[in-house]
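The following briefing takes up the overall build of a protein model, then one of its sheets, and then its aromatic residues. Please read it alongside the sequence and the coordinates.

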Amino acid sequence: MSTVNDVMKAMEQIAPVSLKEDFDNVGLMVGDRNLEVKKVLFALDCTLAVIEEAKKEQADMIITHHPLIFRKPSSITTDTLQGKKILELIQNQISLYSSHTNLDSVAGGINERIGQMLGFEHSEILDRNHTDANAGIGRIMTPEKPIPVNDFIQKVKEVLGLTHMRAVIAGEEIHKLAIINGSGQDYIAKAVSLGADCVLTGDTTYHFASDYKEMGITILDAGHFSTEHLVFFDVMKKLESQFSDVTFLFSSVEEDPYTFV
């Protein structure tokens, strides 16, 4: 019989909690570590729709990338969206575990896996973690020969399942690429200082993009959701292979909150 605690231990072998950024909150958000787990649902976010999906599928546990609780709540009531979610989880005995920046940083985690999915087997760490020299936020890769920007854009769309993405194109070729999944804007300056002339990330702002275009840096903004969703599911296959008595499901109700209209 596998328990919440067993699943937690396996998750923390994949992505140790010590690798999280200081601002982050990871681990068991809601639940009893001694409860039996027969079914786990993976999702990027713990939305009400995902909780309903877990109830429908009779899942005992949800594992998300983004934490439901970032800061200590002042109250837990149905007056707030967060409170509604927490109470739904408790009332239905569904445990919630999150692995966020530690899963981004770890070797073989989300940042590194995006690069591999795009055809880069070797990469360097952009911002090295202070506790583990083999982990950190972002990855830098140097192609064997320059890649035409338009060709790379098509590759990103294909791998991440996109029909559209935002692009700040400052040159025709990519000589050195940085990948920072999710909201990577704060790390672009470091990527540029290490020689990157193209950055793939999400959540960039107008003035930021404008300034870097003037500086000759191409920024491919594939969106926060798209730079993490499919890759999170891919990385979580590592957990799936460790339990013979647990069924693992990947959420089918999640969607990017942004739409092109």
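The protein, seen here as a predicted model, contains 10 helices and 13 strands. Its radius of gyration is 19 Å, close to the 18 Å that the globule rule gives for 261 residues, so the protein is as compact as a globular protein of that length.

**Overall dimensions and surface**
- The C-alpha trace spans about 55 × 40 × 30 Å along the principal axes, and buried residues account for 50% of the 261 residues.
- The accessible surface amounts to about 12900 Å², with 48% of this area belonging to carbon and sulfur atoms.
- Of the contacts between residues at least 6 apart in sequence, 68% join residues that are at least 24 apart.

**The five-stranded sheet**
- An open sheet with mixed pairing is formed by five strands in the order E1-E4-E3-E2-E13.
- Strands E1 (27-30) and E13 (247-250) stand at the edges and have a single partner strand each, so one side of each is left without a neighbour in the sheet; from one strand to the next, the twist averages 25°.
- Strand E2 (residues 39-43) pairs with E13 in the parallel sense over four bridges, and Phe42 has Phe250 in E13 as its bridge partner.
- Helix H2 (residues 48-57) lies across E2, E13 and strand E3 (61-64), and runs at about 160° to E2.

**Aromatic pairs**
- Eight aromatic pairs are found in a search of the whole structure.
- A cluster linked by ring pairs comprises Phe42, Phe232, Phe233, Phe243, Phe248 and Phe250; among them, Phe42 and Phe250 are also bridge partners.

Key:
Residues are numbered from 1 along each chain as its sequence is written. This is a predicted model: local features need pLDDT of at least 70, side-chain atom pairs count only at pLDDT 80 or more; totals for chains, interfaces and linings use all residues. Side-chain values use heavy atoms; hydrogens and water are left out. Two strands pair if DSSP finds at least two bridges between them. Helices (H or I, at least four residues) and strands (E, at least two) are DSSP runs, numbered from the N terminus. Axes are lines fitted to C-alpha atoms, for helices over the stretch in contact, and angles run from 0 to 180 degrees between N-to-C directions. Contact means heavy atoms within 4.5 Å. Rings of Phe, Tyr and Trp (its six-membered ring) pair if their centres lie within 6.5 Å; planes under 30 degrees apart count as stacked, over 60 as edge-to-face and the rest as tilted. The radius of gyration is taken over C-alpha atoms; the globule rule is 2.2 Å times the number of residues to the power 0.38. Buried means under 20% relative accessible area, exposed over 50%, partly exposed in between (1.4 Å probe, protein chains only). Accessible areas come from the Shrake-Rupley method with a 1.4 Å probe; for residues, only the protein chains shown count as cover.
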